[in-house]
Amino acid sequence: MTGIDVDYVGRALLRREDRRLLTGAGQFVADLELSRMLHVAFVRSPLAHGRIRTVDLRAAAAAPGVVLALNGADLLRLVPPAPDAQLSLPSKWTAAVQHDFLNPQQPLLAHDKVRFVGEPLAVIVADSRYAAEDAAELANVELDPLPAVVDAAGALAAGAPILHEHFGTNRIGHFTITKGDVAASLAAAPHRLRRRFVHHRYAAMPMECRGVVAAYDARSDAMTIWSATQVVHWLRREAAHVLQMPEARVRCIALDVGGGFGVKGHVYPEDLLIPFLARRLGRPVRWIEDRHEHLLCSAHSRDQVHDVEIGFDDDGHILALDDAFTADSGAWNTLGAGIAYNTAVHLPGPYKIANYSSSATIAVTNKVPNSAYRGAGRPEAAFVMERLVDLVAAELKLEPAEIRRRNMIRADEMPYHAGLLYRDGEPIVYDSGDYPEALEKALDAVGGLVAFRRHQAEERQRGRYVGLGIGCYVEGTGVGPFEGATVRLDPGGKIYVASGACPQGQGMETVFAQIVADQWRVSPDDVVLALADTAAIAMGFGTIASRSTVTLSAAIHHASGKLRDKVFAVAANMLECAPADLELRDSSVGIVGVPGAAVSLAKIAAAARPGWDHSRPSGVDAGLEETHYWEPPTVTWSYAVHVAIVDVDPDLGRVSVARYAVAHDCGTVVNPLLLDGQIAGGTAQGLGGVLLEELVYDESGQLLTGSLMDYLVPTASDVPEIAMIHLAAPSPLNPLGVKGVGEGGAVAPPAAIANAVGDALAPFGIEINRTPIRPEELVAAIRAARSR
């Protein structure tokens with residue numbers, strides 16, 4: 001494409017969506033007010049495990065303002081079971097990977113057993129939320145208590161209570177992947193280490209909790225659903241199934257969404273129950289989750305235990321790695337094997353490991369279902385791998401950075417075939433990048449390794465304990481199966497783009513306006529975007545898994561290319577020239593080399609309209625619109641190196657993060673300002689995860705951290721200034737060369753902080769092999785070391 005140089009990709013433009021969000025003009029699902037709207041509250045289980053004897057709603061139904069009260073048994077007679085909610089696995093994957101999966105389906109309301117505290121047992125619909133909540137308190141629930149299992153080891157033990165009796169086991173998933181000869185390589189290795197690593201349970205805490213509003217139009221037999229979701233088309237598909245309606249008559253819209261991070265990336269029972277109630281009652285129905293419900297009922301994440309053995313030589317070259325891990329999925333398994341498989345294939349990271357095996361077991365427990373949260377299995381992988389590298393360095397008395405240098409894949413080895421399959425069934429090939437360069441730049445950004453070691457020695461003489469930790473990772477991004485874009489030349493000359501991608505605060509309206517502006521040589525202000533609305537485009541996948549910039553930019557590129565051919569054909573007819581002589585420039589199409597010979601996009605749009613006086617050439621249909629569904633060949637590979645410097649108070653166990661640097665590559669950078677925001681936000685969440693956040697259950701399955709008084713999220717004072725270095729190795733796998741960035745910031749902080757704390761406390765021989773890093777445990781370990 002030629003024309004005047006007006007590139008917007010690469011510019012740090014301010015977010016255009018902030019015009020409404022910062023002035024109070026945004027609209028979130030809780031802001032939606034519809035005439036005669038009813039409100040919902042749920043009766044939720046007080047027990048982690050129990051058989052339902054009765055859920056008597058007579059008193060609740062008779063309470064003031066109540067319109068309807070239903071329990072699970074009532075609902076089961078009225079609504080078909082929800083469809084299989086898990087993401088399907090490609091046949092290439094199932095044919096190649098040894099696996100065994102069971103798939104329990106969560107009902108919209110529990111009707112036989114309850115399997116976690118907070119599981120919905122009944123729904124109350126009333127003319128206000130207050131009336132619904134008051135009536136819910138009147139429900140008479142009788143449960144026969146059953147023993148609870150609250151961790152994967154207990155769930156898998158002989159004689160453990162079974163959550164889903166028809167399966168006869170709590171092991172609902174297992175797979176093994178391998179390359180090389182792990183056993184022989186470990187046996188021959190000069191050095192071997194075995195360790196257990198624990199990555200605890202925590203979760204996304206978006207500012208906006210979940211919420212659903214639904215309205216049914218009897219005249220057109222149509223349903224409209226407004227949901228704070230990341231996957232509008234997925235929700236439409238499942239709602240159509242439950243309602244037994246054609247998808248064409250179900251519309252799903254995500255308004256402004258105040259954060260998602262994966263917790264809103266699948267369909268929940270509430271998403272489907274609210275539209276059912278709206279149709280049954282003939283009135284709009286609303287449910288807005290409160291923060292206690294969010295902690296109690298919305299999906300959690302992480303919660304893995306790894307038993308690992310690594311073999312290496314005298315120089316620290318990794319020869320073999322064998323990993324066996326369990327993943328606690330909670331009571332239901334929302335995403336199948338996706339998260340656990342992410343862990344397995346991302347664990348080797350940026351290193352050359354010829355012999356590798358990972359065996360995963362997924363177990364159900366009496367806790368909230370586990371699902372994706374920013375990173376989705378990758379933080380667990382990076383924690384294991386990066387801790388192992390530091391342990392190898394300690395064993396050989398070498399610098400941890402040097403062990404990384406000796407094992408990292410070099411730039412001249414790209415593209416690098418990893419010898420494993422990704423979850424899309426395609427071979428993993430790291431497409432581009434320079435991992436050693438990222439390591440050196442991140443170290444330089446905190447002042448350099450030599451200077452730090454000198455500073456560390458001086459501080460230890462003063463009785464202070466400072467440490468430097470490194471966390472490296474690679475991340476498959478832009479996963480399929482597809483994303484679509486409709487591109488239309490509006491009659492006023494604007495470029496209209498529709499897609500199923502769903503913003504939750506990332507700045508998509510800005511980023512995609514920049515991309516479209518370059519495609520059409522217009523200003524970003526002349527780009528009209530329709531996102532997160534199933535009425536705007538027939539098919540869409542949604543915004544999860546660091547995929548939207550990669551997949552939607554490619555769909556826009558291909559749809560624009562097809563539409564451009566048609567636009568040029570119309571313009572050539574108007575300018576009496578050949579289409580090959582034309583270029584896009586300044587919101588118009590002109591003849592190359594002839595500045596005054598051009599026609600505006602608005603005039604071209606008018607000429608292409610149907611009618612007697614159109615200016616279309618023969619054979620060109622009326623209208624200027626094209627849709628393209630892009631199916632990526634496989635994922636692109638982002639990567640980063642995080643370096644943290646911490647100060648550990650040995651008397652209080654307090655960990656202070658003094659300096660932090662990130663060297664990151666996400667291919668072509670569309671907007672540096674928004675990229676900084678993505679990395680900073682993800683890093684803050686990663687720091688919170690390793691130092692503050694923890695979802696704690698007691699032995700009976702009761703959540704002990706059910707409010708933000710108990711569940712600590714990082715504040716501004718907990719997050720240091722982050723030095724950011726942007727590398728740019730464009731991916732060859734998509735037209736713009738972009739890679740995903742949405743999840744990356746959260747992946748490495750647990751590893752980097754754990755390594756930094758371990759480095760600080762090396763004189764005490766303390767290893768940090770589990771998260772979170774609790775002050776009281778550090779104090780106890782230091783005291784124990786001092787007493788030896």
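Okay, quick definition before we start: helices and strands here are DSSP runs, numbered from the N terminus. And keep in mind that this is a predicted model.

Let's begin with the second largest pocket. It holds about 630 Å³ of space.

Now, helix packing. Two packed helices are described by the angle between their axes and the distance between the axes. Take helix α11, residues 338-346, and helix α12, residues 378-396: they pack at about 30°, with axes 8 Å apart. Angles under 35 degrees count as roughly parallel, so α11 and α12 are roughly parallel to each other. Their crossing is right-handed. On the α11 side, the contact uses N342, T343 and H346; on the α12 side, R378, E380 and A381. By class, that's one nonpolar, three polar and two charged residues.

The other pair is helix α16, residues 508-520, with helix α17, residues 548-575. Their axes come within 10 Å and cross at roughly 30°, and this crossing is right-handed too. α16 brings M508, F512, I515, V516, Q519 and W520 to the contact, while α17 brings residues including L552, I556, L563 and V567. What classes do the residues of the α16 contact with α17 divide into? Nine are nonpolar, six polar and one charged.

Key. Residues are numbered from 1 along each chain as its sequence is written. This is a predicted model: local features need pLDDT of at least 70, side-chain atom pairs count only at pLDDT 80 or more; totals for chains, interfaces and linings use all residues. Side-chain values use heavy atoms; hydrogens and water are left out. Axes are lines fitted to C-alpha atoms, for helices over the stretch in contact, and angles run from 0 to 180 degrees between N-to-C directions. Helices (H or I, at least four residues) and strands (E, at least two) are DSSP runs, numbered from the N terminus. Angles under 35 degrees count as roughly parallel, over 145 as roughly antiparallel, 65 to 115 as roughly perpendicular and the rest as oblique. A crossing is left-handed if the near helix is turned anticlockwise from the far one by less than a right angle, and right-handed if clockwise. Contact means heavy atoms within 4.5 Å. Ala, Val, Leu, Ile, Met, Phe, Trp, Tyr, Cys and Pro count as nonpolar, Asp, Glu, Lys and Arg as charged, and the others, Gly among them, as polar. On a 1 Å grid over the protein atoms alone, a cavity is a set of points where a 1.4 Å probe fits but cannot get out, and a pocket is an open set with protein on both sides within 12 Å along at least five of seven lines; lining residues have an atom within 4 Å of a point. Grid points are joined across faces, edges and corners, and a volume is the space filled by probe spheres set on the points.
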